[in-house]
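Me: I would like to go through this structure with you. Could we start with whichever term you will need throughout?

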Amino acid sequence: MAFSIRKATPADIPAMVDIYFRAFDGDAISVLCFPRTPAVHKFWADMLTSELTEHGVHFLVVLSPSPDPKVIAWAHWNSPLASPVSTSLPTWPEGCDVAVANHFFGTLFKRHTEIMEGRKHWYLELLCTDPDWQGKGAAGKLLRWGIEKADAEEVESYIEASPAGKGVYERFGWKEADRLVVDVRGQEEFVEVLMVRSVGGR
């Protein structure tokens, strides 16, 4: 399928926010931290707008084939030139489960820093595909974009993945480095797989 890829623009942000919410609709952490309300949509739109032009930050979108191309997937890649991973947390939007958000994201940021400390790397912060287009190759196009950058610079790349998505990333050369397991309100354990890809996926 003839997908095209390009840098995201401010005009893409509404579609990007919508795709995020649809793609992560069954994700326990996402639902608790980012309830599907107008205030949270605005939080995400404002956040993406502010990050879109940051140094070393790359937002890519994949477009569906012509004749009516539309955004169907997007990724947020941070190069080694981006600001170091911060352990500071944002002011969460209204309706967010602040305790869960602080614990999950605070621990996630800390583990990233611990695993990759002192090592230049590309970081895939987020990858979202419209559920109607999943499994058709859009995500692979976004992964290869970052992999090619990292390999050309001879540096590693880092991601956080769901257990269900782990196998996909392994096919592209990432290997599990650790796991983050979070108790979600005593109801279930939420697992995030922390993965590192060496140069060339070796």
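This is a predicted model: local features need pLDDT of at least 70, side-chain atom pairs count only at pLDDT 80 or more; totals for chains, interfaces and linings use all residues.

Me: Fine. Which residues is F34 in contact with, apart from its neighbours in sequence?

Reply: With neighbours within four places set aside, F34 touches Y20, F21, I29, V40, F43, W44, W92, P93 and F105. As for F21, its C-alpha atom is separated from that of F34 by 8.7 Å, and the two residues are 13 apart along the chain.

Me: And where is F34 found? Is it buried or exposed?

Reply: F34 sits in the loop between α2 (28-33) and α3; helices (H or I, at least four residues) and strands (E, at least two) are DSSP runs, numbered from the N terminus. F34 has a relative accessible area of 5% and is therefore buried. Buried means under 20% relative accessible area, exposed over 50%, and partly exposed in between, with a 1.4 Å probe and protein chains only.

Me: Let us move on to α3. How many residues does it have, and what does it reach from end to end?

Reply: Helix α3 covers residues 38-51, which is 14 residues, and it reaches 20 Å from its first C-alpha to its last, close to the 20 Å expected at 1.5 Å a residue. The expected span is 1.5 Å times one less than the number of residues.

Me: Which of its residues are buried?

Reply: The buried residues of α3 are V40, F43, W44, L48 and E51. Viewed down the axis of α3, these fall within an arc of 120°, so they line one face of the helix. The arc is that of the directions from the helix axis to the C-beta atoms.

Me: What do they pack against, and what is on the other face?

Reply: The packing partners of the buried residues of α3 are α1 (13-23), β2 (57-63), β3 (71-78) and β4 (121-129). On the face turned away from the buried side, α3 carries the exposed residues P38 and K42.

Me: Which side chain meets K42 in a salt bridge?

Reply: That partner is D46, at 2.7 Å from N to O; a salt bridge is a side-chain nitrogen of Lys or Arg within 4 Å of a carboxyl oxygen of Asp or Glu. Both residues lie in α3, four residues apart, about one turn of the helix. In general, an α-helix has 3.6 residues a turn, so residues three or four places apart point the same way. K42 is exposed at a relative accessible area of 53%, and D46 is partly exposed at 41%.

Me: How many salt bridges are there in the whole structure?

Reply: A search of the whole structure finds eleven. One of them joins R111 and E114, whose closest N and O atoms are 2.3 Å apart. R111 and E114 both belong to helix α4 (residues 98-116), three residues apart. R111 also meets D178 in a salt bridge, at 2.2 Å from N to O. D178 lies in strand β6 (residues 175-184) and R111 in helix α4, so this pair ties together parts that are 67 residues apart in sequence. Elsewhere, salt bridges that share partners join K166, E170, E176 and R179 into one network.

Me: What covers the buried residues of α4?

Reply: The cover includes α2, β4, β5 (156-161), β6 and β7 (188-197). Among the buried residues of α4 are F104, F105, L108 and F109.

Me: Last topic, the overall fold. How many helices and strands are in the protein?

Reply: The protein has six helices and seven strands, in the order β-α-α-α-β-β-α-β-α-β-α-β-β from the N terminus on. Its radius of gyration is 16 Å, close to the 17 Å that the globule rule gives for 202 residues, so it is as compact as a globular protein of that length. That radius is taken over C-alpha atoms, and the globule rule is 2.2 Å times the number of residues to the power 0.38. Buried residues make up 48% of the 202 residues.

How values were computed:
Residues are numbered from 1 along each chain as its sequence is written. Side-chain values use heavy atoms; hydrogens and water are left out. Contact means heavy atoms within 4.5 Å.
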